[in-house]
Every structure is written in C-alpha cells, then in structure tokens.
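The sequence and the model come first.

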Amino acid sequence: MPSFPQYLRGLACGAIKKNGKPCGMTTLGANGRCKFHGGASTGPRTPEGRAKALENLKLGRLKRGKS
Ligand SMILES: [Zn+2]
C-alpha cells in the first residue's frame with residue numbers, strides 16, 4: 001500500500017456500524033475509512049464506467065440463465 005497516508009497509521013475507521021458500535025478496522029482508505037465505510041472502491045464515476053458496469057451485470061444474468 002504505497003499511497004497510504006502516514007497520519008492514518010494506527011487509527012481505526014470509527015464509522016458507526018449497524019449494531020451501534022464504532023468500526024474498529026485499521027485498514028483504512030485515503031479518506032480515513034475502511035473498505036466497508038467508503039475507503040476503497042467508489043464504483044463507476046463516469047457515464048462510460050456506469051454503462052460498462054451495467055453491461056457486466058446483464059452479461060452475468062445471461063450466463064446464469066433465466067431466474
Ligand atoms: Zn469501517
């Protein structure tokens with residue numbers, strides 16, 4: 001993790017979980033939250049990316065057959 005901000009080292013995520021307790025994950029993303037609370041992927045941001053994601057979704061449905 002080369003781009004990990006040094007000031008976040010050793011800190012916990014701190015986001016309030018569904019059970020009301022603060023998240024204790026210490027593997028944080030650049031915004032100071034863990035991967036479950038907005039750390040890593042933000043999903044497709046561009047129209048092209050969204051179209052691609054939708055395409056993959058349809059493809060997956062086709063492969064699994066009708067349901
Ligand atoms: Zn968290």
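A residue is called buried if 20 or more other C-beta atoms lie within 10 Å of its own, exposed if 12 or fewer do, and partly exposed in between, with C-beta atoms placed from the backbone. Proline 44, with 14 other C-beta atoms within 10 Å, is therefore partly exposed.

The model is predicted; local features need pLDDT of at least 70, side-chain atom pairs count only at pLDDT 80 or more, and totals for chains, interfaces and linings use all residues. Residues are numbered from 1 along each chain as its sequence is written.

**Overall content**

The chain has one helix and zero strands. Both are DSSP runs, numbered from the N terminus: helices are H or I with at least four residues, strands are E with at least two. Of the 67 residues in the chain, 4% count as buried. Two residues are in contact if their C-beta atoms, placed from the backbone, lie within 7 Å. Among the contacts in the chain with a separation of 6 or more, 9% are between residues 24 or more positions apart.

**The helix**

α1 has 18 residues, and the distance from its first C-alpha to its last is 26 Å, close to the 26 Å expected at 1.5 Å a residue. The expected span is 1.5 Å times one less than the number of residues. α1 is hardly covered, as the count of buried residues among its 18 residues is zero. Just after α1, glycine 65 takes a positive phi of about 80°.

**The segment before the helix**

Leucine 28 lies in the segment before α1 (47-64). Why does leucine 28 count as buried? Leucine 28 is buried because 25 other C-beta atoms lie within 10 Å.

Threonine 27 also lies in the segment before α1. Threonine 27 has 13 C-beta neighbours inside 10 Å, so it counts as partly exposed. Not counting residues up to four places away in sequence, threonine 27 touches Cys34 and Lys35.

Proline 44 is placed in the segment before α1 as well. Leaving aside neighbours within four places in sequence, proline 44 is in contact with Gly49, Arg50, Lys52 and Ala53.

The table lists one C-alpha to C-alpha distance for each of these residues.

| Pair | Separation in sequence | C-alpha to C-alpha distance |
|---|---|---|
| Leucine 28 and alanine 12 | 16 residues | 7.6 Å |
| Threonine 27 and glycine 10 | 17 residues | 8.8 Å |
| Proline 44 and leucine 54 | ten residues | 9.9 Å |
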